[in-house]
Every structure is written in structure tokens, then in C-alpha cells.
Amino acid sequence: CQEIASTRTGMLNREKELIGLIEKADTGIGGFIVSTTTYRSELEQVRAHLKALAKAGQDKNCDAPAQPK
């Protein structure tokens, strides 16, 4: 459970970072293209990993908080 919680914390931090990068890129000329090709695919991977971690935590009856939406 400790490993799940630690990994989850890192993934949540990366998710926040990617959201910030996407928002910043979207404000510039051609930024949407950059954010789509670079950041959005990684954001989807991070979110999928977070879902898998939440499932693993449930399966192991860990006390990890519910995944934010």
C-alpha cells in the first residue's frame, strides 16, 4: 500500500504539471498543436495509471484516498 500511495502522489503531481503545461501551451500561437502532440497523450497515460493504482489499492484494501475527478 505504501508503494501505491507513493506512486499515486508522484502521478498526481505529474498530472497537475501536465495540465499547467497544456494551459500554457494553449495560449500561444500553435500551442494547441504542441499541447496535443506532446502533453495530452502523456496526460492520458498518467490518468490511466492513476485509475490502475486506484484499482490496485481497492484490491489490496489500502486506505488510499479516492481518485479526484
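C62 touches C1, I4 and G57, leaving aside residues up to four places away in sequence; contact here means heavy atoms within 4.5 Å. C62 lies in the segment after α2. With a relative accessible area of 14%, C62 is buried (buried is under 20% relative accessible area, exposed over 50%, partly exposed in between, with a 1.4 Å probe and protein chains only). This is a predicted model: local features need pLDDT of at least 70, side-chain atom pairs count only at pLDDT 80 or more, and totals for chains, interfaces and linings use all residues. Residues are numbered from 1 along each chain as its sequence is written, and side-chain values use heavy atoms, with hydrogens and water left out.

**The segment after α2**

- C62 and E17 are 45 residues apart in sequence. Their C-alpha atoms lie 26 Å apart in space.
- N61 is also found in the segment after α2. Its relative accessible area is 65%, so N61 is exposed.
- N61 is not a glycine, yet it has a positive phi of about 55°.

**The helix pair**

- Two packed helices are described by the angle between their axes and the distance between the axes.
- Helix α1 covers residues 2-26 and helix α2 covers residues 31-59. Helices are DSSP runs of H or I with at least four residues, numbered from the N terminus.
- α1 and α2 pack at an angle of about 160°, and their axes are 9 Å apart. Axes are lines fitted to C-alpha atoms over the stretch in contact, and angles run from 0 to 180 degrees between N-to-C directions.
- The two helices, α1 and α2, are therefore roughly antiparallel (angles over 145 degrees count as such; under 35 is roughly parallel, 65 to 115 roughly perpendicular, the rest oblique).
- The crossing of α1 and α2 is left-handed: the near helix is turned anticlockwise from the far one by less than a right angle.
- The residues of the contact of α1 with α2 comprise 15 nonpolar, five polar and seven charged. Nonpolar covers Ala, Val, Leu, Ile, Met, Phe, Trp, Tyr, Cys and Pro; charged covers Asp, Glu, Lys and Arg; the others, Gly among them, are polar.

**Inside α1**

- The 25 residues of α1 should span 36 Å at 1.5 Å a residue, and the end C-alpha atoms agree at 36 Å apart. The expected span is 1.5 Å times one less than the number of residues.
- I4, R8, L12, E15, L18, I22 and A25 are the buried residues of α1. They pack against α2.
- E15 sits in helix α1 and counts as buried at 14% relative accessibility.
- E15 touches L43, V46, R47 and L50, again not counting residues up to four places away in sequence.
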